[in-house]
Amino acid sequence: MAFERGFKTRCENLAETVRKDLGLEPDAPLAPESLAGYLRIQLLHPKDLPEMSASALEALLVTDADDWSALTLGGEDGRSLIIFNPTHSAARRASDLSHEMSHLLLRHAPSTLMFSPDGTWTLRSFDAAQEDEANWLAGCLLLPRVALLAAMRQRLTDEVAATRFGVSSQMLRYRRGVTGVERQAARSR
Ligand SMILES: [Zn+2]
């Protein structure tokens, strides 16, 4: 995937700014709940949604539980809500929630809007380029370069580092590879 020039740096800067505003060190873990609080976004379990029928809940939590991750809804008052899939692992949820919030941080304009029958909320969807950007920023928010480098310097095992940052080991290894910190650390040894 090719990003606009400077995009990756912008993401690293965003990850640092958010932490700074929250009083966190640049290499500290960032819980998605803290990020949600920072962005004034409400995180909701599907059962917290008003007017959710038992059959709709059954579909979201049982029948179709594997088919969705998180949904961002825009409320009438301009504030967003994110409904998360509570059946997924904490690491997957962190990644999904960070992804949804990344769209908001990047001020992505949805390519499709669906309105609820009574018009109180909208369901957004984004185009492929925006999805790539949100994926990149989500990974960067959870594991910015400084955090990856710190974990390597401290010689944390993948498991320990992944637990510390609330991500999967797979995500940790992926970020270490795509950010080039692995090569950077190898050079400085
Ligand atoms: Zn998305």
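**Exercise 1.** Work out how the donor residues of the zinc ion are spaced in sequence, and which atoms coordinate the ion.

*Solution.* Start with the spacing, which reads H-x3-H-x27-E. Next, list the donors (N, O and S atoms within 2.8 Å of the metal, or 3.2 Å for Na, K and Ca; water is not among the atoms, so sites may look incomplete). Then place the residues: His99 lies in helix α4 (residues 90–105) and Glu131 in helix α5, so the pair ties together parts 32 residues apart in sequence. Helices here are DSSP runs of H or I with at least four residues, and strands are runs of E with at least two, numbered from the N terminus.

A note before going on: this is a predicted model, where local features need pLDDT of at least 70, side-chain atom pairs count only at pLDDT 80 or more, and totals for chains, interfaces and linings use all residues. Residues are numbered from 1 along each chain as its sequence is written, and side-chain values use heavy atoms, with hydrogens and water left out.

**Exercise 2.** Decide whether His99 and Glu131 are buried or partly exposed.

*Solution.* Recall the cut-offs: buried is under 20% relative accessible area, exposed over 50%, partly exposed in between (1.4 Å probe, protein chains only). His99, at 10%, is therefore buried. Glu131, at 24%, is partly exposed.

**Exercise 3.** Locate His45 and find its contacts.

*Solution.* His45 sits in the loop between β1 (42–44) and α3 (54–63). Leaving out residues up to four places away in sequence, His45 touches Leu61, Ile83, Phe84 and Pro86; contact means heavy atoms within 4.5 Å.
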